[in-house]
Amino acid sequence: MEADDEEDEHDLPGLPNADEYDQIRMRCAPNPNGPWHIGHARMPAVIGTYKQRYDGWFCVRFDDTDPETKRPDLDAYDAILEDLSYLGFEADEVYTASDRLEIYYDHARRLIDAGGAYTCSCSGEEFSALKNSGKPCPHRDKSTETIHDEFEDMIAGVYDSGEMVLRVKTDIEHKNPALRDWVAFRMVDTPHPREPAADYRCWPMLDFQSGVDDHIVGVTHIIRGIDLQDSAKRQRFVYDYFDWEYPEVIHWGHVQLDEYDVKMSTSTLGTLIEAGDLDGWDDPRAPTLQSLRRRGIEGEAITEAMVQLGTSTSDVDLAMSSIYATNRNLIDEETDRRFYVREGVEVGLAGSPPGEANPPLHPNHEDRGVRHIPVGDAVFLEQDDLPARETRIWLKGLGCFHYTRDVLQYTGDPIDVVRDGDVDVVHWVPAAESVSLTLRTPDGDVTGWAEPEVGSLEPGALVQFERVGFARIDAVDAGGTDHATDASVVAYYTHD
RNA sequence: GCUCCGUUGGUGUAGUCCGGCCAAUCAUUUCGGCCUUUCGAGCCGAUGACCUGGGUUCAAAUCCCAGACGGAGCACCA
């Protein structure tokens, strides 16, 4: 399917030992505790791209096995799948770990039979102390029968949280303390928020659940963060007991984002939304996928930027400008131009300028037609664009004016004065007939006036406000196209 | 404290396994020019990097050793 460009440049390195597998199978295993932030896009972007490249397969598996500390958000399951689709990918299969408890229990029983696990009632502190000095705890050598009995009691919910765990027997003297006899199942008193899982009290830990599931669905390549580097080593003990072969694994570093004041963290964002500091997950100030989507950024631009980050184990700083640059290429040709003046300053006009300005909708596409901007006797300019006294300025699409005694005097000079470099070109809107427009940006809201026809655009339309930047029209109040007190149009800032 | 891992321009990345074709690739950013009723785009150009110190070698970004700096794990979180 990509035979003809097999040797072509790829943005991503090849997967290890890719040719040893009939099919490349990967998984994306989010914790459904909220919609995705921008950093989450890396996983689907990369495995989706690998899937296309190798004609492979990937699933989404919701690793929702902690009903308490990382309590799942019931809305997040669908929100995440929507985010995935926004990025341009569909999962071949969707699993939910909390539906699969019986599978994990069965594997735990087999592990006990294989002598690879034991129930332990040490407190966390007690065990930690023993473990750190390389000493086994007294529960390590129970009979298989006792272990089975106690594990069945765990499943039955006989114990309370903290009273009993099932540990994987690894090597209590392993030189890496992180790998010594880790917990595979623990008791959780809090019911899971999903109805079908609400009665379970004995929950697997990520390392066990994930390890078992990866094998069951035939994952060949695991891609995940460096925080899980030791997980692979822990899981190998289970794989060895079962005589399974561990998948290829790639660990990558953390992604940091520039240009945002808000930390890229699902729980932080959730707290800010809860407190009313953010309007929601799609607030333009939030570094979330829903926010970028509302701003009119194409998922493809995000995917491409993520793929360009590669898969290195060191931490990376993602510049939003790289997402913006890609998106600009995607939308520029099809996006019409409009005028929008931020925080405008009103200036009178004199000298009989033309009654209407008709700049093109798109400078490269004359066939799309022109805009219709009635001029009137005054315009709004941006504060920074106000010319010095007794100098000339070119109102884009209208003509040349001389700034005298608080008014702009039409001069009728030809465009050559601009070519000569003496005259700045600025955008403007008529003071009398523009529509008020609030532009919501990552740095906060901006108010101003847009040329009249912006008031009749459809929500969802993309525009480029000349010399300001791209924006997505979000809401239009058809009633108030003249000087209403409130904004009649709300737009979300895309990028410059 | 114990165990891992990493370090190429402002940012990301290629090259590192199998040393020479690397006075180091591509993208983005910044700056300049051209074009354009002069936005954006496009075209052209510029700035800008191999963590440090030793060693091996005719030759090191690449191999070896030491150090510095950064990151991760040692949870009944994911």
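How many salt bridges does a search of the whole structure find? In this predicted model, the search turns up 34 salt bridges. Side chains of opposite charge can pair when their charged atoms come close.

One of these pairs is R61 with D214, where the closest N and O atoms sit 2.9 Å apart. R61 belongs to strand β2 and D214 to helix α6 (residues 206-216), so the contact ties together parts that are 153 residues apart in sequence. Both partners, R61 and D214, are buried. A second pair brings R186 to D66, with 3.9 Å between the closest N and O atoms. Here strand β6 supplies R186 and the loop between β2 and α2 (76-86) supplies D66, so parts 120 residues apart in sequence are tied together. R186 and D66 are buried as well.

R467 is partly exposed, at 43% relative accessible area, whereas D385 counts as buried at 14%. Shared partners also join R27, R61, D63, R100, D213 and D214 into one salt-bridge network.

F58 has a relative accessibility of 1%, so it counts as buried.

Helix α1 spans residues 42-54, 13 residues in all, and its first and last C-alpha atoms are 18 Å apart, close to the 18 Å expected at 1.5 Å a residue. Among its buried residues are R42, M43, P44 and Y50. Just after α1 comes D55, with a positive phi of about 55 degrees, in the loop between α1 and β2 (57-62). Most residues other than glycine have a negative phi. S352, not a glycine either, also has a positive phi of about 55 degrees. S352 lies in the loop between β14 (345-350) and β15 (356-357) and is exposed, with a relative accessible area of 66%.

As for surface charge, E68, D160, E163 and D189 form a negative patch. D189 sits in the loop between β6 (183-187) and β7 (202-204) and is partly exposed, at 39% relative accessible area.

Key: Residues are numbered from 1 along each chain as its sequence is written. Chains are lettered from A and ligands numbered from 1 in the order in which they are written. This is a predicted model: local features need pLDDT of at least 70, side-chain atom pairs count only at pLDDT 80 or more; totals for chains, interfaces and linings use all residues. Side-chain values use heavy atoms; hydrogens and water are left out. Patches are made of residues with over 30% relative accessible area and no salt bridge: like charges are joined within 9 Å, nonpolar side chains (Val, Leu, Ile, Met, Phe, Trp, Tyr) within 5 Å. Accessible areas come from the Shrake-Rupley method with a 1.4 Å probe; for residues, only the protein chains shown count as cover. A salt bridge is a side-chain nitrogen of Lys or Arg within 4 Å of a carboxyl oxygen of Asp or Glu. Lys and Arg count as positive and Asp and Glu as negative; His and the chain ends are not counted. The place of a charge is taken as NZ of Lys, CZ of Arg, CG of Asp or CD of Glu. Helices (H or I, at least four residues) and strands (E, at least two) are DSSP runs, numbered from the N terminus. Buried means under 20% relative accessible area, exposed over 50%, partly exposed in between (1.4 Å probe, protein chains only). The expected span of a helix is 1.5 Å times one less than its number of residues.
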